[in-house]
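I opened the notebook to go through one model, starting with side-chain packing and then the sheet.

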Amino acid sequence: MAIIPTLMNEALSHYAESMFSSETPELAQLLKEAEQAGIPPISIGGVQGAFLQMLVQLTKAQTIVEVGSLAGYSAITMALAMKEGGTIHCYEKDSQYCSFIERQAKKFNVQDRIIVHEGDAANLLEQEIPAKIDIVFIDADKPSYVHYAELLIPSLTSGGLLIGDNALAWGYIADVEPEFEPENVKGIQAFNEYVKRHEFLLHPCIVPLGDGMCMAVKQ
Ligand code: SAM
């Protein structure tokens, strides 16, 4: 018989954040500066950050692609766990956010690991895709998740990871006819289905940290 899962609640969430967060005082300061710059507070959380850092170490990632970078919080979190010589390609459409990321990358002394690609991610990736990607982290416009995955999977290395954030769609993922942000919820539903059914993606799973991450390993 299956074990009844422990559902996350506020107390458990606080416990996890207080015990296992990747957030340093410097990363907390980045978020403060982002808020002062008018950048919305929609970055990943510290517990997700700790998990991503573990994946970066496990895969010995040398090349990471992040689609949707906002203030650079998740990218810098991953960069801090990366070995020297690695690169994170950040695709971000907002030019103010792009400049903010570049400034922060210098502050964290990871400017050699972070390349910011400014513009619409689909347009940019349709023109050129980095080779031999070890981790793809998709966290931009939800209706385009499947398109980003289709563009990027061919360049994922064998054993590389595809990860999509917001896999639980703010709690609405199980809605058959979603009323909350239907286009976004349906975009994530389509992505989760795509990951589950893809011929060359192994061990698809959903990790219920933050708003959930759907992930799989490239064959
Ligand atoms: N990954 C970031 C973090 O955790 O620190 C948060 C990313 S935020 C949820 C989504 C970002 O995707 C926003 O900064 C938004 O401007 C960007 N975005 C949305 N649509 C995009 C597109 N078509 N091309 C590039 N960036 C896009």
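Which residues is Ile163 in contact with, leaving aside its neighbours within four places in sequence? I looked up contacts (heavy atoms within 4.5 Å) and found Leu52, Leu55, Ile135, Val136, Phe137, Ile138, Met213, Cys214 and Met215.

The model is predicted, local features need pLDDT of at least 70, side-chain atom pairs count only at pLDDT 80 or more, and totals for chains, interfaces and linings use all residues. Residues are numbered from 1 along each chain as its sequence is written, and side-chain values use heavy atoms, with hydrogens and water left out.

Next I checked the cores. I took a nonpolar core as a set of buried Ala, Val, Leu, Ile, Met, Phe, Trp, Tyr and Cys residues joined through side-chain atoms within 4.5 Å, where buried is under 20% relative accessible area (1.4 Å probe, protein chains only). The largest one has 41 residues, and Ile114 and Ile163 have the most contacts inside it. Helix 4 (residues 73-81) gives the most to this core, 6 residues. Another core of 25 residues lies apart from it, with Val65, Leu151, Leu152 and Leu162 among them.

Then I turned to the sheet. Helices (H or I, at least four residues) and strands (E, at least two) are DSSP runs numbered from the N terminus; two strands pair if DSSP finds at least two bridges between them. I noted an open sheet of 7 strands in the order 3-2-1-4-5-7-6, with mixed pairing. Strand 3 (114-118) and strand 6 (201-207) are at the edges with a single partner strand each, so one side of each has no neighbour in the sheet.

Back to Ile163: its bridge partner in strand 7 is Met215. Strand 5 (residues 156-165) and strand 7 (residues 213-218) pair in the antiparallel sense over 5 bridges.

Definitions and conventions:
Buried means under 20% relative accessible area, exposed over 50%, partly exposed in between (1.4 Å probe, protein chains only).
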